[in-house]
Amino acid sequence: MKRLLPELIVISILTGLVLVLISQYASIPATERTEQVMGTYATITILDRDSDRAQRALDAAFDEIRRIEALMSAYNASSEVAALTRNGTNWTALSPDTLYVLTKADYYARISSGSFDVTCNPLVTLWMETVQTESRLPTPDEVEAAKALVGYEQLLIDEAHGRARFAQPGMSITLGGIAKGYAVDRACDQLLAAGIEHALVNIGGDMRAIGDKNGAPWAIALQNPRNKDEYLTILELEDEAVATSGDYERYFILKERIHHIINPKTGYSADECISVTVIAERCIDADALSTTVFVLGPEAGMALLDAYWYHGLIISADKELITSTSFAEPLVLRPL
Ligand code: ADP
Ligand code: MG
């Protein structure tokens with residue numbers, strides 16, 4: 001008995017510690033807020049014992065998302081994106097945020113030989129406006145005319161002077177394929193600066209997790225794009241980001257399925273994928289890559305992800321599931 005006593009004490013201390021840890025985790029309350037922003041909904045969930053701190057962190061994160069939106073929205077006349085369009089071939093002074101996003105966009109344009117191209121705005125606008133307001137497809141001539149205004153190499157970025165301009169008049173950009181991811185990252189920076197250690201930031205399906213959720217990863221159900229009541233798999237996120245590009249969130253069906261992701265090389269909407277999900281450390285990369293791979297198509301797209309060791313899942317137009325090595329589990333459709 002005497003010899004057992006120290007062991008018993010150690011065991012009971014350890015058990016007590018484990019119980020304290022479990023109860024600490026179990027009792028972390030969640031603070032959540034949803035707001036309409038960047039043309040979609042943003043939800044931020046924070047696990048923190050100090051609810052005042054959580055509220056302050058939420059305020060700071062949403063302020064930051066709105067600041068990014070004000071800089072990068074194409075619909076806001078006072079945004080830097082609108083200023084670029086107005087100034088055309090004249091230089092536009094840019095904030096460090098917009099410069100950073102343009103530089104990242106340029107990187108993804110280069111590694112995809114222009115499949116990702118923020119200067120594709122004339123094509124995006126042509127398709128959306130003709131289909132939405134005139135209920136018809138653009139003519140081949142209209143597509144060619146818009147295509148002539150597209151080319152990432154004609155967006156000149158002068159990092160040293162913090163400015164950018166176009167090489168020819170009539171060009172414009174859309175940051176719709178990258179700005180949400182950047183806003184998620186900036187929101188996370190605000191949360192981290194406020195001392196938050198467990199959170200999930202979600203802007204329209206582009207998400208990033210800070211830490212874990214009560215001792216387990218944040219579980220994200222990946223929806224079956226053709227049946228919202230089913231999921232393909234559960235993604236487990238911990239200090240990682242995920243973004244999905246799909247042909248099913250914003251689309252029109254005239255004779256064919258027309259959606260908002262354009263292949264700048266053809267001038268028509270990209271048609272080789274139904275959806276692309278990419279996991280990366282930062283959401284800006286996941287966001288830009290999901291759009292890039294969607295345009296590249298399953299084969300070239302997965303080759304790109306594998307070359308850079310990104311994790312991804314592609315559903316091809318013929319409904320084949322193609323996964324990078326990180327999705328080792330067989331994927332089976334399950335009811336939600
Ligand atoms: P969602 O906005 O639905 O999450 P994406 O992240 O894939 O989907 O972004 C789609 C947006 O990206 C389009 O609305 C458009 O603004 C922009 N976009 C479309 N095609 C391209 C492209 N080839 N390269 C870069 N951006 C694109
Ligand atoms: Mg994207």
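Figure 1. Buried residues make up 41% of the 336 residues. Here, a residue is buried if 20 or more other C-beta atoms lie within 10 Å of its own, exposed if 12 or fewer, and partly exposed in between, with C-beta atoms placed from the backbone. Two residues are in contact if those C-beta atoms lie within 7 Å. Among contacts between residues at least 6 apart in sequence, 62% join residues at least 24 apart. Residues are numbered from 1 along each chain as its sequence is written, while chains are lettered from A and ligands numbered from 1 in the order in which they are written. Because this is a predicted model, local features need pLDDT of at least 70 and side-chain atom pairs count only at pLDDT 80 or more, whereas totals for chains, interfaces and linings use all residues.

Figure 2. Let's follow helix 4, which has 16 residues (residues 96-111). At 1.5 Å a residue, helix 4 should span 22 Å, and its end C-alpha atoms are 23 Å apart, which agrees; the expected span is 1.5 Å times one less than the number of residues. Thr-98, Val-101, Leu-102, Lys-104, Ala-105, Tyr-108 and Ala-109 are buried. Seen down the helix axis, the buried residues fall within an arc of 160 degrees, so they line one face of helix 4; the arc is that of the directions from the helix axis to the C-beta atoms. An α-helix has 3.6 residues a turn, so residues three or four places apart point the same way. On the other side of helix 4, Pro-96, Thr-103 and Arg-110 are exposed. What covers the buried residues includes helix 2 (51-72), helix 7 (179-193) and helix 8 (283-296).

Figure 3. Is Pro-96 buried or exposed? Pro-96 is exposed, with 9 other C-beta atoms within 10 Å. Pro-96 and Glu-159 are 63 residues apart in sequence, yet 9.1 Å apart in space, C-alpha to C-alpha.

**Figure 4. Strand 5 and its partners.** Two strands pair if DSSP finds at least two bridges between them. Strand 5 pairs with strand 3 (residues 92-93) in the antiparallel sense over 2 bridges, and Thr-92 stands opposite Ala-164. Strand 4 and strand 5 also run antiparallel, joined by 4 bridges, with Phe-166 as the bridge partner of Leu-155. In the hairpin of strand 4 and strand 5, Gly-162 takes a positive phi near 60 degrees.

**Figure 5. The largest nonpolar core.** A nonpolar core is a set of buried Ala, Val, Leu, Ile, Met, Phe, Trp, Tyr and Cys residues joined through C-beta atoms within 7 Å. The largest one has 85 residues, and those with the most contacts inside it are Val-201 and Val-278. Helix 8 gives the largest share of this core, 9 residues. Leaving out residues up to four places away in sequence, Val-278 touches several residues, including Ala-286, Leu-289 and Val-293.
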